[in-house]
Amino acid sequence: MKQTLFAIAALVYSTCSAQVLPNKNINLIMPFAAGTSGDLLARVFISDFAKGLEKTNTVENLPLGSGQVAAEKFVKQQSDGSKLAIFNDAFINITPIFRKEQAKYTVNDMTPVGSMATVSFVLLTHPSLPTKTVKELITLARKQEVPLTYASSLGLGLSTLLIEQLKSTTKTNFTQINYNGNLAPMTDLITGRVMIMFQGIPLATNAVRENKLRALAVSRKHRSKLLPNVPTMAESGFADFDEYSYFALFAPKGATEETVTYLNAQLVKTLRDPAVLEKLDSLGMEIQSSTAPQLQNLIQQKNLHYKKLANLMGVL
């Protein structure tokens, strides 16, 4: 009897999928380079997501142009639910506020489906620096005749903004060294060519555990499961410091409410799958699934937050 009921339920779900979505593969576009946090999240997510829709999937990495290359291709896709994209706060909020001239395409040209996960950052230093706390780093930096260098991605993201926020709040100077992507600066930080960096925990954990880099503090108000002995920025004397990057799923503009609702249901279902949860947890990512309206509220809240930060930095 149970087997019959399961078979009927599967048939009904499959029929609903066929009615809402076209008979096409799921194509996922993203602006993340291979091996970065966004790429890791997308690849863990999309295979289970597509399987739940009884479809296969393809993934396309288009990491150039601060997300604009991926966005340009994505906004031209059909809005039938077979073409999806994952973007993070660097594209959603940071570029439109800090680099308006680069933001030809924004999330206003897309349809929000739901948020997915968050990633905390960790303040890293090269072990040669005689500093084990954030306050010691600030003290050392203020004594330097030549400012300490920090690694920054050319595509403006939270990694860069966190250092700039630290500079503004502590009146301390650091010299910015730009890199293309997130992997090259980690190499130079490990070899001592640059001294400081805020990096996403998924990419930083191994280097910290192997004592190749020193972790001073994490960016959230709660500690990381992967780096439980590393204090938070709040514990380090910066009470209001609570920063993280978030990732969200989008459909092309024009997607129907029925399509968005259906995709969102599958998104939430996928992110509640124990196997997916375990994989993402092991990468240092925290699940934050939401409805489409909740994602829109998050985007608005983050816009306000980054505008305040831009004012603090003297950008606006």
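The model is predicted, so to speak of local features we need pLDDT of at least 70, side-chain atom pairs count only at pLDDT 80 or more, and totals for chains, interfaces and linings use all residues. Residues are numbered from 1 along each chain as its sequence is written, and side-chain values use heavy atoms, with hydrogens and water left out.

Five of the six residues in β3 are buried, meaning under 20% relative accessible area, while exposed means over 50% and partly exposed lies in between (1.4 Å probe, protein chains only).

Which strands pair with β3? Strand β1 does so in the parallel sense, over three bridges, and β9 in the antiparallel sense, over four; pairing takes at least two DSSP bridges. Ile29 is bridged to Ala85 of β3, and Ile86 to Leu249 of β9.

Next, helix α8, residues 201–209. Seven of its nine residues are buried, so the rest of the structure largely encloses α8.

Finally, helix α5, residues 134–143. Its buried residues are Val134, Leu137, Ile138, Leu140 and Ala141. They fall within an arc of 165 degrees seen down the axis, so they line one face of α5; that arc uses the directions from the helix axis to the C-beta atoms. On the other side, Lys135, Arg142 and Lys143 are exposed.

Terms used
Helix = DSSP H or I, 4+ residues; strand = E, 2+ residues; numbered from the N terminus.
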